[in-house]
Amino acid sequence: MSTSAVPWWRDAVIYQVYIRSFADGNGDGVGDIAGIRSRLPYLKWLGVDAVWINPWYRSPMADHGYDVADYREIDPLFGTLEEAERLIEEAHAHGIRVIPDIVPNHTSDRHAWFRAALAAGPGSPERERYVFRQGRGPDGAEPPNDWVSCFGGPAWTRLPDGEWYLHLFAPEQPDLNWQHPEVRAEFESILRFWFARGVDGFRIDVAHGLIKHPELPDLPPPLEEKGPRRHLDHPHWDRDEVHDIYRSWRRVADEFPGDRSFVAEAWADTPERLAAYVRADGLHTAFNFDFLMSSWDAKDLRAVIDDSLSMLGAVGAPATWVLSNHDVVRHPSRYGRKTARRWTVNEPYRAEGPLDLELGTLRARAAALLMLALPGGAYVYQGEELGLPEVEDLPESVLQDPVWERSGHADRGRDGCRVPIPWSGSSPPYGFSPDGARGEPWLPQPAAWAGRGMAEQRGDEHSMLELYRAALRLRREHPALGDGDLTWLDAPAGVLVFGREPGFVCAVNLSAEGYRLPAHTSLLLASGPVEDGVLAPDHAAWLAV
Ligand code: NOJ
């Protein structure tokens, strides 16, 4: 691992491993640690700096691991603690850092603490670690307030003993009470447990949700549709007191050698609010969801880039850029749709209207060059480097995301971006599981993925995979890329052109006309053919100047 003067997390390219769907080592149809270990050479070849691995802890899998029953054990579906330790060592030997996911907002309902709380009954100290309340109405038959679950339906479930408990997600994910000292102490101990095993940091799930308003008031009225974004004083999202928790977590990380770091999954109303998570004594980085939510529109993207860089720069933090993850429609399928509508926080994005996948893929190629040229760090969601689209036609009978049931089948949920990825071959499991595997992939893979795996894309200079690989190599080698600043250069409407020192220009054409590239000494990389110095619509290029 490089030991440059810039801490690694300021400009790392972090590859997201959605463990269930990355690689299946034991042939049961579900990805696992053995699978990740066997694919480390691929990740090294691709050229990423780190992996973020979605939750691997012991879990009943009501939300695919985001319902943790034991934070110090690996779920048997994925392997053992010993295998996790091996993986960390082997990844390090490949020069790749490892960032597990930590889930502090809620546990599983099978966690020892929640079971103890159920057994101990109303009014017990065991219940104080969670958020239990009496209901409203004459016999307490109404939930304590009007909060709603992110997965649909009320955020409260009533127990046979009459009390209600809070779950901002599924009922199997009871929310912890972060005002309780034992909750704070336990998570610091869990962080130390994993830091001592060599992990390089954590991705923090629902980082903006831990603190609830002590009086649990009803929700405020929603903001008017139009007008500038502004912060809403919300009873359970992004409350100021949450930063106190992360100041202690930062102290825990700093106890360990070697630049351990945190990335927050924090959804904030404004870039200023997001920047508060990454002040010098808090977390290191936060996902930039504004970039992911932006439509394929030059003005919109430029505004997001400027806001992010200025707000994060003001607190000395690097920006991060992300196009896809395991919760959202894959970006070739987003960009392949006409809608220019910007997607907003807390509004689930679902694919709408006819899909032009060829267009979406062209734009995804250009977006990759844009993202990887911007100052800061970047995330690559597994399969994005293959150009995988969303799988939009999964039969209803196979859908597993709790969102599908909780929404009363109104929302198909997130399974379409979680289908096991193709490695090689022309029929499922496309090398995801070993030959002769006893289990089918846990979600069916589309026939259209035949011949689109790593093996087939490798060595094909026009493939998405080779584009990502070339961009990652240049990014490592070119002194202008990674951490730093950018300067916007003059360009016609719909075209984004910026320079980075020394001697680098990135141009992205989001307009409908060809764009004549500025004077340059060489074309370093382009997302498609550049003829006579003209960048076609929906293309991007990196230039040496
Ligand atoms: C955010 C995670 O990314 C998502 O997959 C999960 O369902 C929720 N947090 C709840 O933990």
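Leu-216 counts as buried in this predicted model, because its relative accessibility of 9% falls under 20%. The residue sits in the loop between strand S9 (201-204) and H6. Its backbone carries a positive phi of about 45°, although Leu-216 is not a glycine. Most residues other than glycine have a negative phi, and most peptide bonds are trans. Tyr-430 likewise has a positive phi, near 50°, and is a residue other than glycine. The relative accessibility of Tyr-430 is 1%, and this residue counts as buried. Tyr-430 belongs to the loop between H12 and H13.

**Cis peptide bonds**

The loop between H12 and helix H13 (454-457) also holds Pro-429. A cis peptide bond joins Pro-428 to Pro-429, with omega at about 5°. Another cis bond runs from Glu-501 to Pro-502, where omega is near 0°. Pro-502 is placed in the loop between strand S15 (495-500) and strand S16 (504-509). The backbone angles described so far are gathered below.

| Site | Feature | Angle |
|---|---|---|
| Leu-216 | positive phi | about 45° |
| Tyr-430 | positive phi | near 50° |
| Pro-428 and Pro-429 | cis peptide bond | omega about 5° |
| Glu-501 to Pro-502 | cis peptide bond | omega near 0° |

**Polar side chains and their surroundings**

Arg-250 is part of helix H6 (residues 242-254). Although its side chain is that of an arginine, Arg-250 is buried, with a relative accessible area of 15%. The side chain of Arg-250 comes to 2.8 Å from the backbone oxygen of Gly-282. Beyond its neighbours within four places in sequence, Arg-250 is in contact with Phe-262 and with Ala-280, Asp-281, Gly-282, Leu-283 and His-284.

Gln-382 is found in the loop between strand S13 (377-381) and helix H12 (402-406). With a relative accessible area of 1%, Gln-382 is buried. Its side chain reaches the backbone oxygen of Ser-21 at 3.3 Å.

Arg-473 lies in helix H14 (residues 464-477). This arginine counts as partly exposed, because its relative accessibility of 36% lies between 20% and 50%. From C-alpha to C-alpha, Arg-473 and Leu-168 are 41 Å apart in space, and 305 residues separate them in sequence.

**Domains and their interface**

The chain is divided into domain 1 (1-102 + 391-452), domain 2 (112-166) and domain 3 (485-544). Between the C-alpha centres of domain 1 and domain 2 the distance is 33 Å. Seven residues of domain 1 and six residues of domain 2 take part in the contact.

The size of an interface is often given as the accessible area lost when the parts come together. For domain 1 and domain 2, the buried area is about 410 Å², and carbon and sulfur atoms give 50% of it. The side of domain 1 that touches domain 2 has three nonpolar, one polar and three charged residues. Which kinds of polar interaction, salt bridges or residue pairs in polar contact, are found across this interface? There are zero salt bridges between domain 1 and domain 2. Two residue pairs are in polar contact across the interface, both at pLDDT 80 or more.

Methods: Residues are numbered from 1 along each chain as its sequence is written. This is a predicted model: local features need pLDDT of at least 70, side-chain atom pairs count only at pLDDT 80 or more; totals for chains, interfaces and linings use all residues. Side-chain values use heavy atoms; hydrogens and water are left out. Helices (H or I, at least four residues) and strands (E, at least two) are DSSP runs, numbered from the N terminus. Buried means under 20% relative accessible area, exposed over 50%, partly exposed in between (1.4 Å probe, protein chains only). A polar contact is a pair of N or O atoms within 3.5 Å; within protein, one must be able to donate a hydrogen and the other to accept it, and residues adjacent in sequence count only if both atoms are side-chain atoms. Contact means heavy atoms within 4.5 Å. Domain bounds come from an automatic or database domain assignment. Buried area is the accessible area (1.4 Å probe) that two parts lose on being put together, summed over both. A salt bridge is a side-chain nitrogen of Lys or Arg within 4 Å of a carboxyl oxygen of Asp or Glu. Ala, Val, Leu, Ile, Met, Phe, Trp, Tyr, Cys and Pro count as nonpolar, Asp, Glu, Lys and Arg as charged, and the others, Gly among them, as polar.
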